[in-house]
Amino acid sequence: MSLACRKFNSYNDRPWLVWLHGLLGSGDEWLPLVNLCAHYPSLVIDLPGHGDSRDVQVKDFTDMSRLLSETLTEQQINKYWLIGYSLGGRIAMNHVCYGDIQGLCGLLVEGGNPGLFSQQERDARLEHDRRWARRFRSQPIEQVLSDWYQQAVFSDLLPEQRRQLINLRSHNHGGSVADMLENTSLGYQPWLVPELQQLALPFAYLCGEKDEKFQQLAKYCALPLQTIAHVGHNAHRSNAAAFAAAVNHFLSLSD
């Protein structure tokens, strides 16, 4: 089994950029970035429960990491960078720490949580995610999304931006999103900070200037923070040009 994905700019012979979206997103949301990073070949992936991978399920992070490796093998990608936003960032970090990283050149994470330190925090997060999952399974998705985008991490969004996101995400299937939300909950994710701090590969942690929660988290965990000016949690959507400039500069350091 492998994940739905699409290739772009594959005539380039540089390492591939492998893009992992966040919860409720799809590979398509990366297309502006793919175009702005066009001197690299790109693979955009639909994560389980999303887009054309809607009917794919994973049990846990180990399962997800294996599926990512199988997808890369099937697509004959043997040199690549992992770039992940939010849930996609957490999947990327977990893969780098515990997965098969043969051919991996480095890691770029946008607003991804490296884990919760205490069991108490993990248990609380599991309950939090289960509550949302129950809502995604039982209520109209527009209604759930309306509340979802009121969470503190999205506080920088203007009302019109919220409406746009709700419209954009309403095509998702609530039950599929709920499964992915539960099975890859931050409550199940290992505390990755010690491994990330010792990572031998190039690593950048990209974060919107207005995303106070993840700015503080990156500093607390001593992650290699790079700030994207004037934007919040979803920096690549809010300012694709600035985000792509940061990505291209970081990649150029390893050419």
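Tutor: Residues are numbered from 1 along each chain as its sequence is written, and side-chain values use heavy atoms, without hydrogens or water. Because the model is predicted, local features need pLDDT of at least 70 and side-chain atom pairs count only at pLDDT 80 or more, while totals for chains, interfaces and linings use all residues.

Student: Glad to start! In what order do the seven strands of the open sheet stand?

Tutor: Strands here are DSSP runs of E with at least two residues, and helices are runs of H or I with at least four, numbered from the N terminus. Two strands pair if DSSP finds at least two bridges between them. The pairing in this open sheet is mixed, and the order is S1-S3-S2-S4-S5-S6-S7.

Student: Which strands stand at the edges, and why is one side of each left without a neighbour in the sheet?

Tutor: An edge strand has a single partner strand, so one side of it has no neighbour in the sheet. That holds for strand S1 (5–8) and strand S7 (225–228).

Student: Are the residues of strand S6 buried or exposed?

Tutor: Buried means under 20% relative accessible area, exposed over 50%, and partly exposed in between (1.4 Å probe, protein chains only). On one side of S6 sit Phe203, Tyr205 and Cys207, and on the other Ala204, Leu206 and Gly208. Six of the six residues in S6 (residues 203–208) are buried.

Student: What is the bridge partner of Cys207 in S7?

Tutor: S6 and S7 run parallel, joined by four bridges. With helix H9 (residues 212–220), they make a right-handed β-α-β unit; right-handed means that, with the strands pointing away from the viewer, the path from the first strand over the helix to the second runs clockwise. The partner of Cys207 in S7 is Thr227.

Student: Now to helix H5: why are its buried residues on the same side?

Tutor: The buried residues of H5 (residues 141–148) are Ile141, Val144, Leu145 and Trp148. They share one side of H5 because the arc they cover around the axis, taken from the directions from the helix axis to the C-beta atoms, is only 100 degrees.
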